[in-house]
Protein chains: 2
Amino acid sequence: MTTQEIAKKLVDLCRKGNFDSAHNELYSKDAKSIETMATPAFPKETTGLDAIKKKGQMWESMVEKTHQMTVSDPLIAGDAFAVSMDMDVTMKDRGRTHMKEICVYNVKNGKIVSEEFFS
Amino acid sequence: MTTQEIAKKLVDLCRKGNFDSAHNELYSKDAKSIETMATPAFPKETTGLDAIKKKGQMWESMVEKTHQMTVSDPLIAGDAFAVSMDMDVTMKDRGRTHMKEICVYNVKNGKIVSEEFFS
């Protein structure tokens with residue numbers, strides 16, 4: 001898939017909340033996930049698809065309810081693309097929270113090799 | 001200025017090629033500029049507005065002609081925003097080049113504190 005096709009597919013799957021399929025279909029085995037900063041729940045950097053999938057499961061276990069999730073259309077530039085995500089969620093440990101992030105992805109050989117979040 | 005106002009102003013100034021005004025009006029004195037990777041011309045990371053402005057002058061000295069520059073509308077998420085830039089330029093050392101980048105900015109206290117480029 002081209003970067004444009006991957007971006008479109010990722011946005012489609014994220015809008016459906018189908019992160020597992022996004023990871024399985026679009027990510028490289030050695031992909032990296034980079035947070036804005038380390039938190040008690042997540043390190044600054046996670047390496048490898050298995051670890052990224054565990055991170056996703058951890059996130060889901062922390063969320064009581066997702067009220068709304070909005071994902072923008074992607075900006076695409078060469079092998080990189082960016083989307084904004086806007087999440088209105090109730091977290092089990094701290095109640096209702098409104099989170100906004102810029103998410104930047106890099107693609108190599110038809111797979112996502114990195115995701116990085118800015119907020 | 002809010003992040004939204006800064007993003008709009010940055011896009012306006014970049015579309016006019018007025019990078020000097022963008023730096024002077026919108027950037028913090030201790031802003032950081034982070035490239036995709038170090039190159040012979042630029043280090044991976046540049047710190048401080050004076051060094052960022054010198055980097056801009058260096059870039060301009062390397063460009064023979066800018067044929068077209070397209071800057072997208074910004075995606076905004078909290079204190080971060082992203083744009084895509086598409087440049088069709090003739091470089092003095094390697095001829096006509098088509099460059100595309102995702103540019104991510106972080107804002108703090110009404111000023112841009114970091115810019116990071118992905119391509």
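This is a predicted model: local features need pLDDT of at least 70, side-chain atom pairs count only at pLDDT 80 or more; totals for chains, interfaces and linings use all residues.
**Notes on the two-chain model**

1. Residues are numbered from 1 along each chain as its sequence is written, while chains are lettered from A and ligands numbered from 1 in the order in which they are written.

2. Now the interface. Here 19 residues of chain A are in contact with 19 residues of chain B, contact being C-beta atoms, placed from the backbone, within 7 Å. On the chain A side, the elements giving two or more residues are β4 (75-77), β5 (80-91) and β6 (95-108); strands are DSSP runs of E, at least two residues, and helices runs of H or I, at least four, numbered from the N terminus. The largest share, 6 residues, comes from β5(A).

3. A:V104 deserves a click. Apart from neighbours within four places in sequence, A:V104 is in contact with A:A80, A:A82 and A:E116 in its own chain, and with B:A82, B:I102, B:V104 and B:F118 across in chain B.

4. Then there's helix α1 of chain A, residues 3-15: its 13 residues reach 18 Å from first C-alpha to last, close to the 18 Å expected at 1.5 Å a residue (the expected span is 1.5 Å times one less than the number of residues). Just after α1(A), A:G17 takes a positive phi of about 75°.

5. Which residues of α1(A) are buried? They are A:T3, A:I6, A:A7 and A:L10, where buried means 20 or more other C-beta atoms within 10 Å of a residue's own, exposed 12 or fewer, and partly exposed in between, with C-beta atoms placed from the backbone. These four cover an arc of only 100° around the axis, so they sit on the same side of α1(A); the arc is taken from the directions from helix axis to C-beta atoms. On the other side, A:Q4, A:E5 and A:R15 are exposed. The cover over the buried residues includes α2 (19-26), β4, β5, β6 and β7 (111-118) of chain A.

How values were computed. Two residues are in contact if their C-beta atoms, placed from the backbone, lie within 7 Å.
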